[in-house]
There are 2 protein chains.
Amino acid sequence: SDILVKNQSELESAIKTVKPGDAIVMANGDWRNIEILLETNGTAKSPITLRAQQKGKVTISGESNLRIAGNYLNVEGLVFKNGNSPTSEIIAFRKDSKKLAYNSRLTEVVIDNFNGPERNNVEAWVVLFGRNNRVDHCQFINKRNQGVTLTVRLDTDESAENKHQIDHNYFGYRQNLGSNGGETLRIGTSHNSMKNSQSIVEYNYFDKCNGEHEIISNKSNQNTYRFNTFFECKGTLTMRHGNETWVEGNVLIGNGVAFTGGIRVINEKQTVINNYCEGLTGNRFRGALTIMNGVPNSPLNRYVSVKESNVTNNTFVDCTHIELGAGNDKERSESPQTSTIKNNLFYSNGSPQHFGVYADLSGISFENNVVNKTTTFPSKTGFKVEDVKLNTLPNGTKCAKGIGAEIKEAVASKENTGVKWYSKNTESTEKANIIKAQPGLNTLFDAVKNSKSGDIIELTDGEYNHTKVIHLSHPITVRGTKGSIVTFETNNLFVIENEGGLRLVNLTIDGKISNDSPLNAVITTSKYSMNKNYNLFVDNCTVKNLTANNFFNFFKVATSTFADTVSITNSSFSKISGDVLALNKEGDEIGIYNAETIIIDNCDFTDIEGAAIIFYRGGSDESTTAGYMTINHSEFKNVGLGKKNASKAALDLVGLQNLDIKNSIFEKSSAIKMLLTVGEPKAEVHHNVFNQSSDFEIKGEGFSEKENSKNIASNTKVMGDDKLSIGRK
Amino acid sequence: SDILVKNQSELESAIKTVKPGDAIVMANGDWRNIEILLETNGTAKSPITLRAQQKGKVTISGESNLRIAGNYLNVEGLVFKNGNSPTSEIIAFRKDSKKLAYNSRLTEVVIDNFNGPERNNVEAWVVLFGRNNRVDHCQFINKRNQGVTLTVRLDTDESAENKHQIDHNYFGYRQNLGSNGGETLRIGTSHNSMKNSQSIVEYNYFDKCNGEHEIISNKSNQNTYRFNTFFECKGTLTMRHGNETWVEGNVLIGNGVAFTGGIRVINEKQTVINNYCEGLTGNRFRGALTIMNGVPNSPLNRYVSVKESNVTNNTFVDCTHIELGAGNDKERSESPQTSTIKNNLFYSNGSPQHFGVYADLSGISFENNVVNKTTTFPSKTGFKVEDVKLNTLPNGTKCAKGIGAEIKEAVASKENTGVKWYSKNTESTEKANIIKAQPGLNTLFDAVKNSKSGDIIELTDGEYNHTKVIHLSHPITVRGTKGSIVTFETNNLFVIENEGGLRLVNLTIDGKISNDSPLNAVITTSKYSMNKNYNLFVDNCTVKNLTANNFFNFFKVATSTFADTVSITNSSFSKISGDVLALNKEGDEIGIYNAETIIIDNCDFTDIEGAAIIFYRGGSDESTTAGYMTINHSEFKNVGLGKKNASKAALDLVGLQNLDIKNSIFEKSSAIKMLLTVGEPKAEVHHNVFNQSSDFEIKGEGFSEKENSKNIASNTKVMGDDKLSIGRK
Ligand SMILES: [Ca+2]
Ligand SMILES: [Ca+2]
């Protein structure tokens, strides 16, 4: 029978007395700060259920979590939001390491942004232990901090050969974590990767799961991934450890979005069959198909070589990179062996198709693969060019007759996964307002205080002075005239707090009356952890006289913060005693960094005692895209020569993976320092003018310099690669 | 007449309509989130007063501050507590840079722990602008973050020759800031230091104002400091900039407390007369009397040479250091000139009296100074030894006939300064309880949750497992038997939050079941700023198996945190993949650091892949004592050799000022690295045994090594400087 419970003590009593076949019904409403331990036993015929009175009307908030321990237990219809778990798991299929769950089910449960504030604390949302458990029709959105969204653990023998089923779940938006630990689904750990798991993952929808390289990280034997859809995910289904994985009938749609990836093969006896990939753009470890090189006699936590694996009857439409023998280096020196790539279709509507060959591929048998346009093949045999006709199936995938994939099954979609009664949207759709602020004391502060997400604050000509720091807990735009002068007596003008963001347009920012403090910066991030990524845009601004102290920065980040984009365009920076962009606060050598995309376009930097940009990403982690910086049509004059400039550089860049400096002028400045580290960094410096004695100090590989002009008269006109004059446009 | 106001709008209306001679009376109660602008004008005969209905019964809390602008305005009887200012000033004698206060008075106002959360944000409590203002009988206690407690600013001509009076105030406890910016009182800035200020600071009591080197930082001309009492202050009255300072009749009592200082002379035409110093122990810049060397043609922000200055008729009783020509270096190369030191008494009851001579003193005329015990004098003439008799005056100071000081005036005391109606105590006096916790899941977590400040949690034999992190917001002790085993699945076991502290006694801490996370540490500080200093004591504990991840630390601090003491005694650490003590998170090169006193006594460290201790203090600031580390009778075996040990050292110590490593064994470990920086660091390494190839890597000066034994058979018995065997006792 149904037992309606209205509070924690009723719930706890009910759990003590519930009988097989009963349902404990949690009353509609918000259950705050509740740790539920559903420890009891149903039977196969008469399970015990814990459910919401009405699906979606029971929310679990505050410091809360759920543990399921015992046999034949079902949990249905709860929503976890507005809180976080006091432990590192929200929903665990165990009480503790000894008491696990079996034959139990989590269904139609929603977890939405139930994250602790610490970006780099490891928290898992759903953790499966025991055997024969099922997670289905659940909806997981806005995971923001470290730790896998859903994971199967095989810590003890009680969790081996578990045959869990994970199906029809909606794995929603997961932001770029900028670190390892951003997997959406993981089965096993390296330590337990030689155990058989036998989990089935099917009919799930992965929607922009962008945490890191691995959307799925398979780390045990005999798992099946089938009929899942991956929509614009910046990562891959990775067979990281473990053998005998079956990957069938998945649909991976990239839509040409950068860094979208496909299927990555490592280890032995892997099967990749009848999968459909379209519009995937990722390369290297994010290729549409990546076959890795391995480590001879690999330890459990490194790379077992590919053997006895087959990639058969898959279709790749407009996928730009197929990577074979990827990651070949001193350690990963063993090429794929005794494997086949057969009956696959590589189809292009015009986009390039690169077959990257990084190792000896004689261990792969290529057979009867078809390409519709000529390209450079990785093998002399096993490829032919044919004028293939594609038909679009009712489920949206395309197929050709007799070659590649044909997805007959229903395809997992945003509509047929997760729950019907909870939104899958994560973006606000409110309309922005314009708020006008007059010159005076703290008027911009007051305007921001009265703003809401996305609002635009408009300034007129005149001086805006501040004795208060402007904290931004939602994104705003501040837009002035060129006569809008913003000054501040405080250490900082703006602090971007968690959930905040900033766009500055047409302003003059003058540090002339600022406090003399070593912490001065016009803009900082929160000094606390920000679990949400932010953006900073500065356009058509003038920043000057940041000299009240020796260490006056323009923008300075704190640890545990991450910018999707920092973009500085059409702006001038002059007389600055510190750094312009200090993006270097992750000192732990574990591959964490502070900003993904950094754009400097049409800017000038003059009389900067510190560096124009400091970027730091330490360690040798390979889980992230790790920084993408472009500097174009900009001018650096007398930059980086101050005595207190610890970096001793105009640009000090450690661990960036992608760097393009072009069409710019460097004059009487300190050198550009780069430390090119792990992976395959690309640092291109071209079509610049260097009028200074010291140009570069480079360590590591991946640097290319071309068509730079050195020590030429400053009135000499030099053209950039875009036919415009070098320097500001 | 009196105008009683009960809320913000009544207060604001009253300010608009108030007439000379009126008093605006704030109703008793808590005024939360209120920014008061008292902008109006009284007259000399009829001032306008803003006062509490009853003194001490009106509190200002939350995000609040007070500005006074206009003429003849008085503020009386308010208490600022439980909040902080939304600007960087709590009470300012101005509206903005144009509208200042004149002839106004702040009296019997209390500010107690009204600090923002950010330790390193610069906030001033009371800022005087304008002219002829008075701050008297106020009470300022528990200033915790950066920024001066009370300051006089001379930014514009309207604030010059200001003749402010600061008297009978109680400047209460100010903790060691561990950074520059911890001054209690400052008059002027280097930029304005050649302006005449003419402020008078008299009859104030400074009680343990330990923020930094400068209790008082004089930075303008013609100020007077007289009849103040400095009680156990770890700093000095410093004539940092500006000339014609008059320092008379002050009483400085050190009571033998470490780092207590006296009067420091820099610049020209300074007068130090009839002051009484007793029991001051500081040296170098904290001598009982320090005369600095100067910089030839010094810029405003450096050191102007001492000229035409007189130190006359002062008494020093049991003060250990008189420092003459202090700070002499390449830059500060100019010795004192045309100055006299005359009629002073240096009296010892047996404690040593060092006259430190750091430069040519021929520019100082020494005349008729008296010493009661023979010592090494700084000059051949001008000193004589006499058997002086001291008489104790009713005010507690001592004097001798015809020599030194005689303090006739009333002496400022804890009783006759500040207010009568608010406590001057800052320590809790509540009695500690003992809370017993049984073995099991999260039982220690639960016990801590139910504890209060100072409580002792007692564990029995057995395993205490944790899936929750224990956050400490008040100090506690956890005391076990040796059979109390504490384990944790989380990244951290303890987090010391602001106002927290931890003492661990008789525990075994085992990392065997901890999460695999790069952020693992048994204990961390808050990841947020802590504005209060904390302590960590570990005694008789065993810590092992911190190996779940490559970077598993025992204790790891965050930026903007500061430990008064980290003490590890009688404990064993083994199998640790990271560092034992990671005290290195202040990466900005501005002299900030993370811990003052670090004690390792009778401990062993075995198989530690990271460093045993990392300490970092960057930059060249000289405002702090900057780290005091002792390592005694400890053993380091296989420490610091892990591949991921970024420090490549067993001990990696940057910028420590005092280091004593003795009676210890270093075996098969990485080297001890030291970077000895600014000031006069002392690093002594003596009576140790080194059984390893690499002993030290030292940069900088101040290192001394003696009586260490190298590469001897491990069964050879070597005795320490205390006659005990080297190694653990
Ligand atoms: Ca990963
Ligand atoms: Ca100072």
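## Two interfaces in a predicted model

The side chains of A:Lys556 and B:Asp588 form a salt bridge, with 3.4 Å from N to O. The model is predicted. That pair belongs to the boundary between chain A and chain B, where 8 salt bridges are found.

**Between the chains.** Chain A puts 34 residues in contact with 36 residues of chain B. Together they bury about 2900 Å². A:Lys468, A:Tyr528 and A:Ile590 supply 18% of the area that chain A buries against chain B, more than any other three residues. The interface also has 6 residue pairs in polar contact, both residues at pLDDT 80 or more. On the side of chain A that touches chain B, there are 11 nonpolar, 11 polar and 12 charged residues.

**Within chain A.** Chain A has domain 1 (428-578) and domain 2 (588-729). Domain 1 gives 23 residues to their contact, and domain 2 gives 21 residues. The C-alpha centres of the two domains lie 25 Å apart. Here the count is 0 salt bridges. Polar contacts link 24 residue pairs, both residues at pLDDT 80 or more. On the domain 1 side, strand 58 (563-569) and strand 59 (572-576) of chain A each give two or more residues. Strand 58 provides the largest share, 7 residues. That side of domain 1 divides into 10 nonpolar, 11 polar and 2 charged residues.

| Interface | Buried area | Share on carbon and sulfur atoms |
|---|---|---|
| Chain A and chain B | about 2900 Å² | 51% |
| Domain 1 of chain A and domain 2 of chain A | about 1700 Å² | 49% |

Technical notes
Residues are numbered from 1 along each chain as its sequence is written. Chains are lettered from A and ligands numbered from 1 in the order in which they are written. This is a predicted model: local features need pLDDT of at least 70, side-chain atom pairs count only at pLDDT 80 or more; totals for chains, interfaces and linings use all residues. Side-chain values use heavy atoms; hydrogens and water are left out. Domain bounds come from an automatic or database domain assignment. Contact means heavy atoms within 4.5 Å. Buried area is the accessible area (1.4 Å probe) that two parts lose on being put together, summed over both. A salt bridge is a side-chain nitrogen of Lys or Arg within 4 Å of a carboxyl oxygen of Asp or Glu. A polar contact is a pair of N or O atoms within 3.5 Å; within protein, one must be able to donate a hydrogen and the other to accept it, and residues adjacent in sequence count only if both atoms are side-chain atoms. Helices (H or I, at least four residues) and strands (E, at least two) are DSSP runs, numbered from the N terminus. Ala, Val, Leu, Ile, Met, Phe, Trp, Tyr, Cys and Pro count as nonpolar, Asp, Glu, Lys and Arg as charged, and the others, Gly among them, as polar.
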